[in-house]
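Please look over the following structure with its sequence. The questions after it go through some of its features in turn.

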Amino acid sequence: MTQAAAPVVREVDARHRYEILVDEASAGFTAYRDRDGQRVFFHTEIDDAFAGQGLASVLVREALGHVRDTGKRIVPVCPYVAKFLKKHEEFSDITDPVTPEILQWLETALAR
């Protein structure tokens with residue numbers, strides 16, 4: 001039996017998301033919109049065929065690391081990202097709170 005390749009996380013800027021690939025197949029994504037130096041994460045999804053493998057955690061960790069590298073800040077509207085951040089305090093220095101203003105802005109941004 002061959003060992004599965006390590007999952008690969010890539011940013012797909014044109015689609016405003018990070019995708020996680022397993023053996024070059026898309027296994028899931030975390031979606032965002034950018035706002036004034038903030039990357040607002042609003043949805044994370046792992047395909048059912050890849051559930052239970054810890055891929056959401058790998059995906060979000062890589063995505064948040066990339067946000068840090070680009071000098072942006074994180075706004076965790078997505079419940080999964082918010083839960084991840086509670087367990088991973090190494091990102092607390094670049095995390096901003098979710099505010100009603102951000103939620104209203106996000107709703108407008110997603111309606112376009």
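A polar contact here is a pair of N or O atoms within 3.5 Å, of which, within protein, one must be able to donate a hydrogen and the other to accept it. The model is a predicted one.

Q: Which side chain does a polar contact join to that of aspartate 96?
A: Aspartate 96 is found in the loop between helix H2 (79–87) and helix H3 (100–111). Leaving out residues up to four places away in sequence, aspartate 96 touches Gln38, Arg73, Ile74, Val75 and Pro76. The polar contact, at 2.7 Å, joins the side chain of aspartate 96 to that of arginine 73.

Q: Is aspartate 96 buried or exposed?
A: The relative accessible area of aspartate 96 is 14%. Because buried means under 20% relative accessible area, aspartate 96 is buried.

Q: How far apart in space are histidine 43 and valine 8, C-alpha to C-alpha?
A: Histidine 43 lies in strand S4 (residues 38–46) and is partly exposed, with a relative accessible area of 32%. Its contacts, neighbours within four places in sequence left aside, are with Phe29, Thr30, Ala31 and Cys78. Histidine 43 and valine 8 are 35 residues apart in sequence, and their C-alpha to C-alpha separation in space is 19 Å.

Q: Which strands stand at the edges of the sheet?
A: Five strands, in the order S1-S2-S3-S4-S5, form an open sheet with mixed pairing. Each edge strand has a single partner strand, so one side of each is left without a neighbour in the sheet; these are strand S1 (8–12) and strand S5 (73–76).

Q: Which residue in S3 is the bridge partner of isoleucine 20?
A: Strand S2 (residues 17–22) pairs with strand S3 (residues 25–35) in the antiparallel sense, over six bridges. In S3, the partner of isoleucine 20 is glycine 28.

Q: What angle does the direction of H2 make with that of S5?
A: H2 packs on the sheet, where it touches S3, S4 and S5. The direction of H2 makes an angle with that of S5 of about 115 degrees.

Q: How are H1 and H2 oriented to each other?
A: Two packed helices are described by the angle between their axes and the distance between the axes. The axes of helix H1 (residues 55–70) and H2 come within 11 Å and cross at roughly 80 degrees. Since angles of 65 to 115 degrees count as roughly perpendicular, H1 and H2 are therefore roughly perpendicular to each other.

Methods:
Residues numbered from 1 in each chain as written. Predicted model: local features only at pLDDT ≥ 70, side-chain atom pairs only at ≥ 80, totals over all residues. Heavy atoms only, no water. Helix = DSSP H or I, 4+ residues; strand = E, 2+ residues; numbered from the N terminus. Buried < 20%, exposed > 50% of the residue type's maximum accessible area, 1.4 Å probe, protein only. Contact = heavy atoms within 4.5 Å. Pairing = 2+ DSSP bridges. Axes fitted to C-alpha atoms, helices over the stretch in contact; angles between N-to-C directions. Parallel < 35°, antiparallel > 145°, perpendicular 65-115°, else oblique.
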